[in-house]
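Work through the exercises below with the model in view. Try each task before reading its solution.

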Amino acid sequence: MEKFSYSKISMFMECPKKFYWRYVEHLRPKKKSPALALGSCMAYSLATFRRTGSQDEARQAFVDRWEEEGRILQKTKDDDPLRSVARGLEILSEYMQTFPDDPKNFIRPEVSFEDEIAPGILFRGRLDGVVRLDDGSVAVNEDKTASQWGDSYFRRLHGSFQIMWYLWIAKKLGLFSLDGKATPKCLVRVIYIHRERYRFPSDLIIKSGKQVDDSFNDLMNWVKLIQRCVSENHFPRGDANACLKYGGCDYLPLRDASRRLKDSLIKYEFERKDGDEDENGS
Ligand code: SF4
């Protein structure tokens, strides 16, 4: 079985060369970036809060994750005012006070899925939860940890492959039928990372069953394109902007390095890990 996830496909969309390093050579940087590490601690602690209803357990989950992942984040705000453990815990506490009913409203916090969507093709990943909305209907939830947001951020997400494919798989798994109406809905919540302010804007994305079903064709077209590039060993570089996005691509040091330097970088800065697990564990 070949395994695909949204993260895997989106990496190919962003830069086929990056896909090559990650999924063909199986190279991963030894250290996660602080942005990824904070997102991971936040996701883990939110899932704990929604599952147990305990704010103390959620804070402990944040710290546990930080330790498990090798203490990538700095400890104090003096060391890093934006992405430190101290600032992360403050934002988490504020979130739990703003949404105290999350544990009641989340019918299922965290839904991992792995489904054979075509012969020999598994689609896998993780939804942040299934939530009951104020009107009694049901939506899947997607949390985003972001340092920038605005109307354009939400507009981009509305028709994004990620949201469409998550709606598609949730529909296929019958998650929306929990309210008897089965309308595909996704509640997007942004956890805004700022050194002083707190903001948790949200948006509800509603699609028709047909729109969601049609997105499956896009998913399969990307799968076929990736399969073709892998069989032809063809991995062109993406747009140069991708190299510097989000603080720089993990593989940027390898980009123009000589053969010798590349070998040495791979030896000391990366580790080879077989398997297709994504950064978010899906
Ligand atoms: S550094 Fe740029 S070209 Fe190289 S893998 Fe990363 S995004 Fe692609």
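**Exercise 1.** Find the bridge partner of Ala 146 in E6.

*Solution.* Go to strand E6 (residues 185-192). The partner of Ala 146 there is Tyr 192. Strands here are DSSP runs of E with at least two residues, and helices are runs of H or I with at least four, both numbered from the N terminus. Two strands pair if DSSP finds at least two bridges between them.

Before going on, note that this is a predicted model, where local features need pLDDT of at least 70, side-chain atom pairs count only at pLDDT 80 or more, and totals for chains, interfaces and linings use all residues. Residues are numbered from 1 along each chain as its sequence is written, and side-chain values use heavy atoms, with hydrogens and water left out.

**Exercise 2.** How do E4 and E5 run, and what joins them?

*Solution.* Strand E4 (residues 121-132) runs antiparallel to E5, with four bridges. Val 131 faces Ala 139 of E5. Five residues separate the strands in a hairpin. In its turn, Gly 136 has a positive phi of about 90°.

**Exercise 3.** Why is strand E5 largely enclosed?

*Solution.* E5 covers residues 138-146. Eight of its nine residues are buried, so the rest of the structure largely encloses E5. Buried means under 20% relative accessible area, exposed over 50%, and partly exposed in between (1.4 Å probe, protein chains only).

**Exercise 4.** Which residue follows H3?

*Solution.* Helix H3 spans residues 34-52. Gly 53 comes after H3, with a positive phi near 80°.

Key:
Expected span 1.5 Å × (residues − 1).
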